[in-house]
Amino acid sequence: MSGTATRAMRLLAGMSGRSIAAVKTPSRGVLAGLVLVGMAPQFLPEFYVTLLNYIGLYAMVALGLVLLTGVGGLTSFGQAAFVGLGAYTTAALTATADLPGWLAWAGGSAWLALLIGLALTALVAVVLGSMTLRLSGHYLPLGTIAWGISLYFLFGTMDFLGGHTGLSGIPPIEVFGVPLDEGREIYYLIWAFLLLAMLTTRNLLDSREGRAIRALKGGMVMAESMGVDTSRSRMIIFVVAALHAAASGWLYAHMQRFVNPTPFGLSTGIEYLFMAVVGGAGSVWGALIGAGVITIMKQWLQDVLPALFGASGNFEAIVFGVMMVLILHRARDGLWALIARCLPASRATVALDPSAAPLPHRTQPSRGEVILEAREVTRRFGGLVANDRMSLQVRAGEILALIGPNGAGKSTMFNQLSGVDTPSAGDVLFRGRSIAGLAARDIARLGMSRTFQHVRLLPGMSVVENVALGAHRRGSCGVLPAAWRLDRDEEARLLAEAARQLERVGLAEQMHEEAGSLALGQQRILEIARALAADPCVLLLDEPAAGLRLLEKQALGQLLRKLRAEGMAILLVEHDMDFVMGLVDRVVVMEFGQKIAEGLPDEVQRDPAVLAAYLGDVQ
Amino acid sequence: MDLQIALLIGQDGVTSGAIYALLALALVLVFAVTRAIYIPQGEYVAYGALTLATLQSGALPATLWLLMGAGLAVTVIDGVAAIRKRDGRAWGATLGWNVAYPAVLVLTLSALSPAQLPMALQILLTLAIVVPIGPMIYRLAYQPVAEASVLVLLIVSVAVHVVLVGLGLLFFGAEGSRTAPLWDASFAVGWMTVSGQQICVLAASAALIVGLYLFFEKTLYGKALRATAINRNGARLMGFSPVFAGRLTFLLAAFIGTLSGVLIAPVTTVYYDTGFLIGLKGFVAAIVGGLASYPLAAAGALIVGLLESFASFWASAYKEAIVFTLIIPVLMWRSLHSHGIDEEA
């Protein structure tokens with residue numbers, strides 16, 4: 001691998017926040033931390049309690065960004081605006097004496113205002129998300145910058161929101177009739193919210209939906225081919241991050257008992273992002289560390305810098321900005337990763353329950369049935385005809401190889417079959433049903449599964465979790481059950497299925513290793529296990545032998561023979577003739593987008609057209 | 001509103017649209033070549049305007065110290081790299097551009113009394129001070145992460161923006177400034193009165209756009225930059241270093257930004273943080289062009305300029321909100337016209 005590629009891989013691994021769910025968990029440390037958090041208001045002076053309140057509020061917003069940025073690879077500068085939405089909703093509903101008649105029902109109760117604020121936030125997030133999430137990743141942050149600025153100006157200009165002076169007289173939150181009107185009291189509510197948010201986020205990441213979210217960074221095509229609706233996953237994390245921010249805003253409004261537009265501007269939105277990145281956007285703990293470090297440093301710098309520079313102003317931003325650039329250069333995983341490295345905690349492995357009930361299987365087709373059929377498939381790119389009336393059939397229990405010289409149109413054909421691309425003319429049939437034009441994830445659900453020419457795994461995730469991603473469509477538990485651990489039964493079944501597939505392909509020993517640590521040959525086998533986890537009836541393999549050593553090729557060949565014997569239909573696109581000819585049942589040869597030969601390996605090898613294509617015309 | 005007022009507002013809109021167009025071009029250029037969403041672009045506008053204003057007031061602009069400081073930082077970093085590689089030759093050029101050049105500039109400016117110089121010379125000095133900061137920023141902030149994802153580059157951009165705005169406050173204070181008019185004349189054209197300032201802005205924008213077009217179409221460096229934008233590795237294999245491409249791009253972006261600042265400084269009071277909002281409007285325009293098309297970005301800039309001036313006539317309190325909300329239908333339109341799954345997300 002070239003130096004650049006290694007570097008790029010390292011950077012990728014860095015940003016993907018290695019092993020989010022299986023992050024080192026110092027559980028004794030967590031307990032001690034909880035006790036400290038609980039005791040803090042009893043012995044700390046008022047100033048520090050207030051500081052801790054702010055840290056809690058900020059950490060909640062940063063936590064949303066961990067999910068969005070560190071895990072999902074998206075980002076938002078508009079989180080402060082969502083905080084503002086939560087804060088202003090509750091301020092307007094609880095502090096306005098004469099609400100208009102149609103809103104009167106909503107006034108007075110802080111808890112009702114929380115629900116309304118969350119609903120409103122979810123609505124705005126869905127609208128913003130549906131506009132930007134289908135576009136490439138940088139449109140969301142740009143959209144959120146614009147949204148952050150617009151909302152800030154609106155807060156400042158709307159009369160019923162108090163303009164730039166803001167709204168005051170917000171009542172305290174009441175819990176069982178007890179008003180929380182002191183910093184020491186609301187402290188417990190803030191930290192309860194934060195800890196709950198951290199817990200549910202960790203639960204979510206360690207689940208079926210969580211794997212789908214973590215797969216976003218492995219490339220959209222891979223995730224979609226595993227049956228993941230990537231737009232939906234992106235929308236989920238954007239909405240969840242927005243809800244965290246809105247809840248923080250609600251607490252903030254009732255803590256301050258006053259709101260004005262200043263803390264909800266774009267610069268605060270940027271500060272939230274700084275917290276997530278400085279702390280470590282790959283871990284829920286990073287949010288807490290980042291919020292703590294930035295809040296305390298800001299406090300300190302605001303005392304020191306004006307004296308140093310001899311003028312007053314927002315100078316701490318200079319320090320934060322420089323710090324941010326340095327962290328992105330030197331320690332992409334943030335401070336938490338540095339701390340975690342020093343902790344003696346052991347790496348948690350995914351618990352497997354072999355006794356979990358197996359997942360339902362589809363009824364496999366009988367041997368010889370035509371599983372996948374291309375009929376006169378043509379794909380044009382402008383004037384170029386990459387596939388010209390290509391037809392082929394793959395039957396259950398056979399291996400078909402699609403071969404041809406470079407540029408023959410094999411990869412294009414592969415894309416037509418797997419739903420990554422749509423043919424210009426002709427049809428693709430899966431068990432008699434037309435699938436041309438269907439999304440890759442819907443084709444995956446029908447029972448077609450694939451691997452990639454360039455291995456696409458989530459290098460920081462364990463082998464077994466990578467395989468479980470393939471079984472995505474065989475589970476159904478959504479975000480809420482995952483957050484509250486109501487999905488454990490299904491989760492155990494999914495993981496047990498993944499473990500079974502790993503045994504089937506002979507990778508059981510590597511089950512708990514990080515996928516990125518495997519050799520290339522093992523990674524290709526892992527991709528096959530992931531494809532098998534979807535319970536497919538046809539496997540499409542894109543150059544499975546590329547880059548493998550001889551022994552690895554032999555192991556791969558054995559595995560494919562075994563799968564064929566079990567009745568699987570296999571189509572492989574391959575360059576390696578030795579590998580192909582000894583293994584497959586039939587061969588289709590392409591050149592210049594057209595089929596030039598089809599038949600048994602021996603026949604094809606003697607075919608004059610094929611010889612001409614590979615060796616040039618023999619005069 | 002009668003026709004005359006509409007024309008007046010329209011004129012205003014076209015003039016600011018021309019500035020947004022320049023910035024949008026710079027943003028598209030930087031994104032195409034380096035994949036960085038260049039949030040700090042607006043800061044050059046503020047630095048350019050305020051540096052010129054400081055020169056006109058007769059003082060030494062603090063951007064000089066930034067030039068020297070950034071130059072020293074680059075020299076140190078490159079020096080360490082040179083020692084590691086045991087190759088001192090490249091370091092000579094580094095020293096020249098990052099230490100000697102700023103030092104000469106400081107000495108020259110201290111010897112002259114900038115307030116007495118003719119306007120053209122003041123503008124040249126402003127460019128000489130601010131523009132070289134661009135490639136230095138590339139070296140310090142972007143080059144070490146040049147291969148990282150768009151997301152990382154975007155976060156770096158935001159961090160650099162925050163640093164530059166903070167430094168802007170430190171350098172120029174919270175007070176805004178205006179500069180002397182570029183060309184104090186006005187002409188009657190039909191029903192309209194066109195000011196010399198407007199002619200300057202439009203002429204400079206047109207000249208710059210034509211100049212960039214010629215640069216990209218006719219010169220080897222321009223073609224090499226286009227090649228880098230299309231395929232970084234391919235350009236590298238053809239012997240065109242992406243590092244050099246990055247520095248050249250940032251130099252051009254800084255030039256465009258600083259010149260925009262000089263152009264608006266006589267008619268707008270520029271504060272240390274004014275650049276950001278101006279730059280963002282350039283972004284709205286660039287997004288119209290999908291961060292890829294120069295003509296669409298320029299058209300978008302005109303729309304933004306016109307929308308802004310009409311919005312400030314009808315609903316001045318909501319002016320900013322209206323301009324930034326424009327991005328929403330644009331994004332919706334782009335979203336509806338995008339299909340398939342975007343791999344580089």
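In this predicted model, domain 1 of chain A brings 19 residues into contact with 25 residues of domain 3 of chain A. The C-alpha centres of these two domains lie 32 Å apart. Chain A as a whole is divided into domain 1 (17-342), domain 2 (369-447 + 536-619) and domain 3 (460-535).

Let's look at who does the work on the domain 1 side. A:Arg208, A:Arg211 and A:Met226 supply 38% of the area that domain 1 of chain A buries against domain 3 of chain A, more than any other three residues. A:Arg211 also forms a salt bridge with A:Glu491, with the closest N and O atoms 2.9 Å apart. Helix H7 (183-205) and helix H8 (208-215) of chain A each supply at least two residues of this side, and H8(A) has the largest share, six residues. By class, the side of domain 1 that touches domain 3 divides into eight nonpolar, five polar and six charged residues.

The contact between the chains takes 53 residues from chain B and 53 residues from chain A. Here are the two interfaces, one per row:

| Interface | Buried area | Share on carbon and sulfur atoms | Salt bridges |
|---|---|---|---|
| Domain 1 and domain 3 of chain A | about 2100 Å² | 57% | four |
| Chain B and chain A | about 4400 Å² | 78% | zero |

Polar contacts, counted with both residues at pLDDT 80 or more, come to 11 residue pairs for domain 1 and domain 3 of chain A, and to one residue pair between chain B and chain A. On the side of chain B that touches chain A, helices giving two or more residues include H6 (133-142), H7 (150-172) and H12 (274-288) of chain B. H7(B) gives the most, with 16 residues. That side of chain B has 39 nonpolar, seven polar and seven charged residues.

Notes:
Residues numbered from 1 in each chain as written. Chains lettered and ligands numbered in written order. Predicted model: local features only at pLDDT ≥ 70, side-chain atom pairs only at ≥ 80, totals over all residues. Heavy atoms only, no water. Contact = heavy atoms within 4.5 Å. Buried area = accessible area lost by both parts, 1.4 Å probe. Salt bridge = Lys/Arg side-chain N within 4 Å of Asp/Glu carboxyl O. Polar contact = N/O pair within 3.5 Å; in protein donor to acceptor, adjacent residues only side chain to side chain. Helix = DSSP H or I, 4+ residues; strand = E, 2+ residues; numbered from the N terminus. Nonpolar A, V, L, I, M, F, W, Y, C, P; charged D, E, K, R; others polar. Domains from an automatic or database assignment.
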